[in-house]
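Here is a walk through one protein model, written for someone who would rather look than calculate. Keep the viewer open and follow along.

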Amino acid sequence: MKKVLLSLFYSLLLTIYSTFAAEVQFEKGYYYVIIKNGDFDRINETLKSEIENHKWGIIHTMNVDKTVKSQTPHKTYLLCRGDYLTEGLKYNKDIVSVLIPCRISIYQDKNNIKIVVEDVEAASSHFGIEDKKFKAFLRQVTEEMKSILQKTADHFEKRQNMPSM
């Protein structure tokens with residue numbers, strides 16, 4: 001009986017954790033985070049601040065919602081970080097030229113806000129990159145994009161420590 005109650009308790013804790021935590025998820029070559037019941041404008045401003053805090057520049061804003069004449073907010077930011085671009089070009093101009101700029105999108109999905117970023121490392125995989133340092137560099141860019149997602153989400157939905165079993 002004790003084990004059943006303990007199991008139910010941990011299940012409840014995990015349910016509560018997953019309800020309140022906005023964790024970066026992966027799907028089909030991109031990472032995303034969903035912020036539940038969020039205000040698009042507030043989250044968008046926080047996203048732009050986190051992009052800046054990570055030393056990235058927004059070189060262009062695509063107002064997807066206006067382009068497709070939608071009432072649902074949707075923006076895509078084209079990003080560049082000069083020091084990363086300089087480093088990447090040293091590895092392989094052709095591949096880096098195709099991969100830039102990095103993109104991050106934010107849009108409203110019913111009552112939730114979804115922020116999506118491409119997995120640069122996965123996107124580069126079809127180029128057959130063999131250089132381990134170049135692969136590590138692309139992984140670093142991907143990790144930084146994921147950090148922008150997570151830090152933005154953390155402003156609105158605080159992660160909690162998982163209970164230990």
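## Overall layout

Going along the sequence, the protein chain reads α-β-β-α-β-α-β-α-α-β-β-α-α. That gives 7 helices and 6 strands, where helices (H or I, at least four residues) and strands (E, at least two) are DSSP runs numbered from the N terminus. This is a predicted model, so local features need pLDDT of at least 70 and side-chain atom pairs count only at pLDDT 80 or more, while totals for chains, interfaces and linings use all residues. Residues are numbered from 1 along each chain as its sequence is written, and side-chain values use heavy atoms, with hydrogens and water left out.

The chain has 165 residues, and 36% of them count as buried. Buried means under 20% relative accessible area, exposed means over 50%, and partly exposed is in between (1.4 Å probe, protein chains only). The accessible surface comes to about 10,300 Å², with 53% belonging to carbon and sulfur atoms; areas come from the Shrake-Rupley method with a 1.4 Å probe, and for residues only the protein chains shown count as cover. Among contacts between residues at least 6 apart in sequence, 67% join residues at least 24 apart, a contact being heavy atoms within 4.5 Å.

## How confident is the model?

The mean pLDDT of the protein chain is 87, and 82% of its residues reach 70 or more. pLDDT is the predictor's confidence in each residue, from 0 to 100. Watch residues 10-20, where pLDDT stays under 50. For that stretch the model has 12 contacts beyond four places in sequence.

## The nonpolar core

In soluble globular proteins, nonpolar side chains tend to be buried together. Here, the largest nonpolar core has 32 residues, and L47, W56, L79, I104, I106 and I115 touch the most other members. Such a core is a set of buried Ala, Val, Leu, Ile, Met, Phe, Trp, Tyr and Cys residues joined through side-chain atoms within 4.5 Å. The elements giving two or more residues to this core include strand 2 (30-35), helix 2 (40-53), strand 4 (74-80), strand 5 (102-109) and strand 6 (112-118). Helix 7 gives the most, with 8 residues.

Not counting residues up to four places away in sequence, I104 touches L47, I51, K75, T76, Y77, L79, I115, V116, V117, I148 and L149.

E144 is found in helix 7 (residues 132-154), and with a relative accessible area of 13% it is buried. The side chains of E144 and W56 are joined by a polar contact of 3.2 Å. A polar contact is a pair of N or O atoms within 3.5 Å; within protein, one must be able to donate a hydrogen and the other to accept it, and residues adjacent in sequence count only if both atoms are side-chain atoms. Beyond its neighbours within four places in sequence, E144 is in contact with H54, W56, R81 and Y84.

H54 is in the loop between helix 2 and strand 3 (57-62). H54 is buried too, at 12% relative accessible area. Leaving out residues up to four places away in sequence, H54 touches R81, E144, S147, I148 and K151. H54 and I148 are 94 residues apart in sequence, yet their C-alpha atoms are 7.2 Å apart in space.

T76 is in strand 4 and is buried, with a relative accessible area of 9%. A polar contact of 2.7 Å joins its side chain to that of S105. With neighbours within four places in sequence set aside, the contacts of T76 are H60, T61, M62, V64, R103, I104 and S105.

H60 belongs to strand 3 and counts as partly exposed, at 42% relative accessibility. Along with T76, H60 touches Y77 and L78, not counting residues up to four places away in sequence.

## What about the cysteines?

How many disulfides does a search of the whole structure find? The search finds 0, taking a disulfide as a pair of cysteine sulfur atoms within 2.5 Å. The sulfur of C80 is 7.8 Å from the closest cysteine sulfur, in C102, so that pair is too far apart for a bond. C80 counts as partly exposed, at 23% relative accessibility, whereas C102 counts as buried, at 9%.
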